[in-house]
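Subject: Handover of a structure model

Dear colleague,

Please find below the structure that I am passing on to you. I would be grateful if you kept it open while reading the notes that come after it.

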Amino acid sequence: MPHDDAHGHHHDHDHDHPHVHGGADHHPHRPDADDTLTYCRQLEIAVRELLVEKGHLTRDEIRGAVERMDARGPHLGAAVVAKAWTDPAFKARLLADGSAACQEAGITFDQSTRLIVVENTPEAHNLVVCTLCSCYPRMVLGLPPDWYKSRAYRSRAVREPRSVLREFGTELPDSVAVRVHDSTADMRYLVLPMRPASTEGWSEAQLAALVSRDSMIGVTTVKAP
């Protein structure tokens with residue numbers, strides 16, 4: 001099974017660190033706050049405020065960037081999958097260069113990040129993991145689920161992928177090969193699930209509604225209602 005342990009990561013997830021204070025606490029806990037500020041959160045606020053103060057960014061630019069990130073979600077990946085199911089030429093481009101094909105669909109990728117799309121077939125099923133941290137195709141799926149970031153999933157998906165799939169309700173015949181793909185900071189994977197046979201004549205919108213986040217990670221398959 002394909003498996004790449006070499007990571008050149010810039011971690012794309014938050015880490016919890018001890019809450020360290022150098023003197024007085026400049027961010028006291030408020031009654032309406034969910035929790036006290038972590039060290040990383042305080043650092044983010046300090047850097048953001050300094051960039052605004054020095055004129056490198058405006059608050060509107062920061063707000064716009066946050067809104068764009070919040071708009072990302074599995075619906076974007078589902079639309080790409082549905083288009084690939086209905087447009088053979090687009091599917092070929094998607095499998096050849098996932099990043100470029102997604103840009104055709106209006107999804108912008110960082111130039112340093114390559115999206116690789118792997119296709120499920122009757123002979124092979126693909127599963128995506130990040131064994132080192134939680135690298136994930138956020139541009140097409142949004143934020144990763146908590147289980148994707150868990151140590152248990154990151155280790156077991158490689159060691160015992162069929163057991164992990166069964167826990168998600170995915171039973172595969174022994175004749176189907178399971179291929180595990182390990183994401184990195186500059187290489188992300190997206191699964192192109194198999195289209196259900198009973199969906200001939202469906203529109204892209206109808207097909208996209210069938211496609212779940214988990215099917216594009218590879219822990220489940222797509223089933224028609």
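The notes below begin with the model as a whole and then turn to individual places in it.

The model is predicted: local features need a pLDDT of at least 70, side-chain atom pairs count only at pLDDT 80 or more, and totals for chains, interfaces and linings use all residues. Residues are numbered from 1 along each chain as its sequence is written, and side-chain values use heavy atoms, with hydrogens and water left out.

Overall picture

The average pLDDT (the predictor's confidence in each residue, from 0 to 100) is 84 for the protein, and 80% of the residues score at least 70. Residues 1-32 have a pLDDT below 50, and this stretch makes 59 contacts in the model beyond near neighbours in sequence. Contact here means heavy atoms within 4.5 Å. Where pLDDT is low, the predicted coordinates should not be read in detail.

The protein has 11 helices and four strands. Of the 225 residues, 37% are buried; buried means under 20% relative accessible area, exposed means over 50%, and partly exposed lies in between (1.4 Å probe, protein chains only). Among contacts with a separation of 6 or more, 66% join residues 24 or more positions apart.

The annotated site

The UniProt annotation "binding site", from an unreviewed entry, covers Cys130, Cys133, Ser134 and Cys135. UniProt positions are given in the numbering used here, feature names are shortened, and annotations may be inferred rather than shown by experiment. Serine 134 lies in the loop between strand E2 (124-129) and helix H6 (138-141), and cysteine 135 is found in the loop between E2 and H6. Serine 134 counts as buried because its relative accessibility is 1%; cysteine 135, at 0%, also counts as buried.

In helix H8 (residues 151-159), the buried residues include Tyr153, Arg154 and Val158. Which elements cover the buried residues of H8? Among them are E2, helix H7 (146-149), helix H9 (161-167), strand E3 (177-182) and helix H11 (213-217).

Valine 118 is in strand E1 (residues 114-119) and counts as buried because its relative accessibility is 11%. Not counting residues up to four places away in sequence, valine 118 touches Asn126, His181, Tyr189, Leu190, Val191 and Leu192. The C-alpha atoms of valine 118 and leucine 190 are 6.3 Å apart, although 72 residues separate them along the chain.

The cavity

A search of the whole structure finds one cavity of 30 Å³ or more. On a 1 Å grid over the protein atoms alone, a cavity is a set of points where a 1.4 Å probe fits but cannot get out, and lining residues have an atom within 4 Å of a point. Grid points are joined across faces, edges and corners, and a volume is the space filled by probe spheres set on the points. The largest cavity has a volume of about 30 Å³ and is lined by Arg162, Leu165, Arg166, Thr170, Glu171 and Leu172.

Threonine 170, one of these lining residues, lies in the loop between H9 and E3. With a relative accessibility of 6%, threonine 170 counts as buried. Leaving aside neighbours within four places in sequence, threonine 170 is in contact with Leu165, Val219, Thr220 and Thr221.

Yours sincerely

Conventions:
1 Å grid on protein atoms, 1.4 Å probe; cavity = no way out; pocket = protein on both sides within 12 Å on 5 of 7 lines; lining within 4 Å. Helix = DSSP H or I, 4+ residues; strand = E, 2+ residues; numbered from the N terminus.
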